[in-house]
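Below is a short briefing on one protein structure. Look over the sequence and the model, then read the points by topic.

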Amino acid sequence: MIVRATPTQNDAAVAAFTPLDPRETALLLDFDGTLVDIAPTPDAVHVPDNLRDTLARLLASTGGALALVSGRTIEDLDDKLAPLVLPIVGGHGAEMRVRDGEIVSAVPPLPEPLRRRLARAADFDRGILIEDKGYSLALHYRNAPDAEERLRAYVRSTCAAFAGEPLQVLAGKALFEVKRPGVSKGESVRALLLHAPFAGRKPVFIGDDVTDETVFAVLPALGGIGFSVQRKFDPLAGIFDSPEAVREALARLAQASESRGAQA
């Protein structure tokens, strides 16, 4: 359920988040709608320079235990955040990089004929954007909202035509993404937390979309806590009212951590 956090709720989220000790935390962050504002197209997102600086400071404060957990590919996120290089769970868990130069791909690519047929959905409306990641294909209809039901039916019928392929349709914010089943952000977070420097730390996740539900679901068993942006999940430690509020909270956490370090 999408909600608009009141000033009091947002302040409560900030108050619960900023006292965290990065030395004991595995900081896990969604990208679109969490760190950066949603844009009309995936390529149009704006990454503020101060966000790169904040993430770099927190990467140092956590001893490297900061990771993005996103539906985007690792290559795409590297491009958006360059020259910063972070640990990343990409493609909703289809690929993972724990440290620079070490990318683990978890799933095979979707068949090319399937991806080609799905991509023909762009003929419905010029506003439909196709994002082919190889191991999945996303169809964005943010600029063609009237095409949602037609697009849903087309995706369903296309997947039925490839009945021999194990497939799952993931519905997100104004998109349908066809991917392999069994691949999720939540299970990939479990796997990430087995690796140093994430292992043995308290996972703290911030996300905003239904595609993040699997992470929120595994957090209690992992001893972690979750925060969201404008959406109600269970369980939650707090709701931020915007990506800007998340960026401000991250900057405050970085500053507090550096102040503690200077006083030590």
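A residue counts as buried if its relative accessible area is under 20%, as exposed if over 50%, and as partly exposed in between, using a 1.4 Å probe and protein chains only. Helices (H or I, at least four residues) and strands (E, at least two) are DSSP runs, numbered from the N terminus. This is a predicted model, in which local features need pLDDT of at least 70 and side-chain atom pairs count only at pLDDT 80 or more, while totals for chains, interfaces and linings use all residues. Residues are numbered from 1 along each chain as its sequence is written, and side-chain values use heavy atoms, with hydrogens and water left out.

**Helix H3**

- On one side of H3, Glu75 and Asp79 are exposed.
- The buried residues of H3 (residues 74–81) are Ile74, Asp76, Leu77, Lys80 and Leu81. They sit on the same side of H3 because they cover an arc of only 160 degrees around the axis; the arc is taken from the directions from the helix axis to the C-beta atoms.
- An α-helix has 3.6 residues a turn, so residues three or four places apart point the same way.
- The cover over the buried residues of H3 includes H2, strand E2 (66–69), strand E3 (88–90), strand E4 (95–99), strand E5 (102–105) and strand E6 (129–132).

**Val45**

- Val45 is found in the loop between strand E1 (25–29) and helix H2 (49–61).
- Its relative accessible area is 10%, so Val45 is buried.
- Contact means heavy atoms within 4.5 Å. Apart from neighbours within four places in sequence, Val45 is in contact with Phe31, Asp32, Val36, Asp37, Ala39, Arg72 and Lys80.
- From C-alpha to C-alpha, Val45 and Arg126 are 20 Å apart in space, and in sequence they are 81 residues apart.

**Strands E6, E7 and E9**

- Two strands pair if DSSP finds at least two bridges between them. E6 and E7 pair in the antiparallel sense over four bridges, and so do E7 and strand E9 (residues 175–179).
- E6 and E7 form a hairpin with four residues between them, and Gly134 in the turn has a positive phi of about 85 degrees.
- His140 in E7 stands opposite Leu129, and in E9 the bridge partner of His140 is Leu175.
- Strand E7 (residues 137–140) is covered on both faces, with Leu137 and Leu139 buried on one side and Ala138 and His140 buried on the other.

**Glu177**

- Glu177 lies in strand E9 and is buried, with a relative accessible area of 2%.
- The side chains of Glu177 and Lys133 make a polar contact (3.0 Å). A polar contact is a pair of N or O atoms within 3.5 Å; within protein, one must be able to donate a hydrogen and the other to accept it, and residues adjacent in sequence count only if both atoms are side-chain atoms.

- On a 1 Å grid over the protein atoms alone, a cavity is a set of points where a 1.4 Å probe fits but cannot get out, and a pocket is an open set with protein on both sides within 12 Å along at least five of seven lines; lining residues have an atom within 4 Å of a point.
- Grid points are joined across faces, edges and corners, and a volume is the space filled by probe spheres set on the points.
- The structure has two cavities of 30 Å³ or more, and the largest cavity holds about 380 Å³ of space.
- Of the 25 residues that line the largest cavity, Asp32, Ile38, His140, Lys173 and Leu175 lie nearest its centre.
- The largest pocket has a volume of about 160 Å³.
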